[in-house]
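We will go stop by stop.

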Amino acid sequence: MGGAHAAIATSSDALTVNPAGLAQTRRYHLEVDGLTDPRFPAQALMVSIIDTMSSPVGTGLLFSRWGSGQPGGRGEGWYAGLAYSYGIGSTYVGGMTRYYRFATPDGEAHRFAQDFGILSKRGNFSYALVVQNLSTRSIPAFPILATAAIALGTDTDWHLSFDYKADLSDTKNVKSKIAGGGELLTEKGGVQIVWRRRVAGLPGFDQFFEGGITLFLE
């Protein structure tokens, strides 16, 4: 959803945008994702395991490995995280404890960090608040992020969602962006469209549109 997802996330997608969403559905889930960009060049591998059936507290494990192919290994490394989520009525709270080990342009990043999230639903309307990458020291290339999000609909039928995200690495120059998107799902597949725009911060890439198609194979 191009960043418009914190108030609708469930299962493995919740590990990266809002850990509170884990407990919304009861399931076991294993997912493996890969990425390659030969022009940069860059490669990535992400493996996630979700268990929200065995206990009232939903849990998830995520491992992500990135290779950049850049001089000196810049941008290469991995991170791993343990997520946990609990539902109180129609409100879900969660967190994720991460460990980063990356070679960044600003130096080596070997740090623990913590995410916190809340997601609350009122019928088909939901809202979320998330803070990511809290640490005792700054983590190069992984700044503290704050997200406020709303969504209408569900992740199994259709939904519209809007996220506002702020980069708090420099409180005197907060970089922020807004994303909005819609998705329609059927028994055969789905289609989505997303718009994202930089609201404030450094000049550069300002906005983009993207679309996606999902096919379900049986």
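This is a predicted model: local features need pLDDT of at least 70, side-chain atom pairs count only at pLDDT 80 or more; totals for chains, interfaces and linings use all residues.

Accessible areas here come from the Shrake-Rupley method with a 1.4 Å probe; for residues, only the protein chains shown count as cover.

Residues are numbered from 1 along each chain as its sequence is written, and side-chain values use heavy atoms, with hydrogens and water left out.

**Stop 1: the whole chain**

Switch to cartoon. Look for one helix and 12 strands. Helices (H or I, at least four residues) and strands (E, at least two) are DSSP runs, numbered from the N terminus. Trace the chain from the N terminus: the order is α-β-β-β-β-β-β-β-β-β-β-β-β.

Now the size. The C-alpha atoms fill a box of roughly 50 × 40 × 35 Å along the principal axes. The radius of gyration is 17 Å, which agrees with the value near 17 Å for a compact globule of 218 residues. That radius is taken over C-alpha atoms, and the globule rule is 2.2 Å times the number of residues to the power 0.38.

Of the 218 residues, 40% are buried. Buried means under 20% relative accessible area, exposed over 50%, and partly exposed in between (1.4 Å probe, protein chains only).

**Stop 2**

Select residues 42-51, strand β2. Two strands pair if DSSP finds at least two bridges between them. A hairpin of six residues links β2 to β3. Click Leu45, then find its bridge partner in β3, Arg65.

Return to β2 and select Ser48. Is Ser48 buried or exposed? Ser48 counts as buried, because its relative accessibility is 5%. Leaving aside neighbours within four places in sequence, Ser48 is in contact (heavy atoms within 4.5 Å) with Ser12, Leu15, His29, Leu30, Glu31, Leu61 and Leu62.

**Stop 3**

Go to Ser11, in the segment before α1 (14-17). Its phi is near 60°, a positive value in a residue other than glycine. Ser11 is buried, at 2% relative accessibility.

Jump to Asn133 in strand β7. Phi of Asn133 is near 70°, also positive in a residue other than glycine. Asn133 counts as buried, at 7% relative accessibility.

**Stop 4: the nonpolar patch**

Select Phe125, Tyr127, Ile150, Leu152, Trp158, Leu160, Phe162, Leu184, Val191, Ile213, Leu215 and Leu217. Together they form a nonpolar surface patch with about 1200 Å² of accessible area. The elements giving two or more residues to this patch are β7 (125-134), β8 (145-153), β9 (158-167) and β12 (207-215).

Patches are made of residues with over 30% relative accessible area and no salt bridge: like charges are joined within 9 Å, nonpolar side chains (Val, Leu, Ile, Met, Phe, Trp, Tyr) within 5 Å. A salt bridge is a side-chain nitrogen of Lys or Arg within 4 Å of a carboxyl oxygen of Asp or Glu.

Which strand gives the largest share of the nonpolar patch? Strand β9 does, with three residues. Finish on Phe162, in β9. Phe162 counts as partly exposed, because its relative accessibility is 44%.
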